[in-house]
Amino acid sequence: MRKCLYLLATILLVSFSASLGAQGIPPKDVKAGQVLTARSIEVQPLNSATTDPNYIIGADDVLSIDVWKEPEISRTIPVRPDGKISLPLLSDVRAAGLGPTQLAAQIQEQLRKVLVNPQVTVIVTQINSQRIYLLGEVTRGGAYPLLPNMTVLQALSSAGPFTQFANLKKIYIMRSENGQQVMLPFQYKEVVNGHKPEQNVHLKAGDTIVVP
């Protein structure tokens, strides 16, 4: 009887630990009596890759160039500060200012001079050319890649929990518009509770979120 009870308790404990692990909460980090909330779980930065066909490539972005059945040409390379990339069999190719599909077509056209019917795919694996900035009372302030359709709330999640000194009522976004700096208010609790969704704007390259 005791062996059965012990086995049952072990199964329940393992199931509970697996449940926590599935939610991204390491069991060893859960303290007795701790109440877990979205604020107490640290959110990691978002993946900076994109498959958005409308994304415009810039300097420092990292690209995956795949030429079908040509592994010696296919590779993952960064866009140089001058906006160009280098590939075997080709001279320098301008990448900055083009979308992934446009760049693939350009590489494909140049490869036709040396290959029969080349098929090229371009994927942006790291977005480094477009950045936003987080300053103030956040755990991990600094520069972050601007992902397609990234909102203020998503950006704040990348910067980790607020510090105990953060004034959540006075967060604002600094943005340059027509050569002038504008300040967009962001009341965190109001937005999270669904009362002011219009403040959760889509970010633009160069935006700075300040948490006083």
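1. Let's start with aspartate 66 and its contacts. Leaving aside residues up to four places away in sequence, aspartate 66 touches Ser74, Gln119, Val120 and Thr121, where contact means heavy atoms within 4.5 Å. Aspartate 66 lies in strand S1; strands (E, at least two residues) and helices (H or I, at least four) are DSSP runs, numbered from the N terminus. Aspartate 66 counts as partly exposed because its relative accessibility is 39%; under 20% relative accessible area would be buried and over 50% exposed, with a 1.4 Å probe and protein chains only.

2. A word on what you are looking at. This is a predicted model, in which local features need pLDDT of at least 70 and side-chain atom pairs count only at pLDDT 80 or more, while totals for chains, interfaces and linings use all residues. Residues are numbered from 1 along each chain as its sequence is written, and side-chain values use heavy atoms, with hydrogens and water left out.

3. How far apart are aspartate 66 and valine 122 in sequence and in space? They are 56 residues apart in sequence, and their C-alpha atoms are 6.5 Å apart in space.

4. Now to the sheet around S1. Three strands form an open sheet in the order S2-S1-S5, with antiparallel pairing. S2 and S5 are the edge strands, each pairing on one side only. On average, neighbouring strands of this sheet are turned by 25° against each other, direction ignored; axes are lines fitted to C-alpha atoms, for helices over the stretch in contact, and angles run from 0 to 180 degrees between N-to-C directions.

5. Next, the pairings themselves; two strands pair if DSSP finds at least two bridges between them. S1 (residues 62–67) and S2 (residues 75–78) share 4 bridges. Here valine 62 stands opposite proline 78, and leucine 63 has isoleucine 77 as its bridge partner. S1 and S5 (residues 120–126) pair over 6 bridges, and isoleucine 65 stands opposite valine 122.

6. Do look at helix H2 too. H2 (residues 100–111) lies across S1 and S5, running at about 135° to S5.

7. Finally, the rings. The structure holds 1 aromatic pair: phenylalanine 162 and tyrosine 188, edge-to-face, 4.9 Å centre to centre and with 85° between the planes. Rings of Phe, Tyr and Trp (its six-membered ring) pair if their centres lie within 6.5 Å; planes under 30 degrees apart count as stacked, over 60 as edge-to-face and the rest as tilted. Phenylalanine 162 is in the loop between helix H3 (152–158) and strand S8 (171–177) and tyrosine 188 in helix H4 (residues 188–192), so the pair ties together parts 26 residues apart in sequence. Both phenylalanine 162 and tyrosine 188 are buried.
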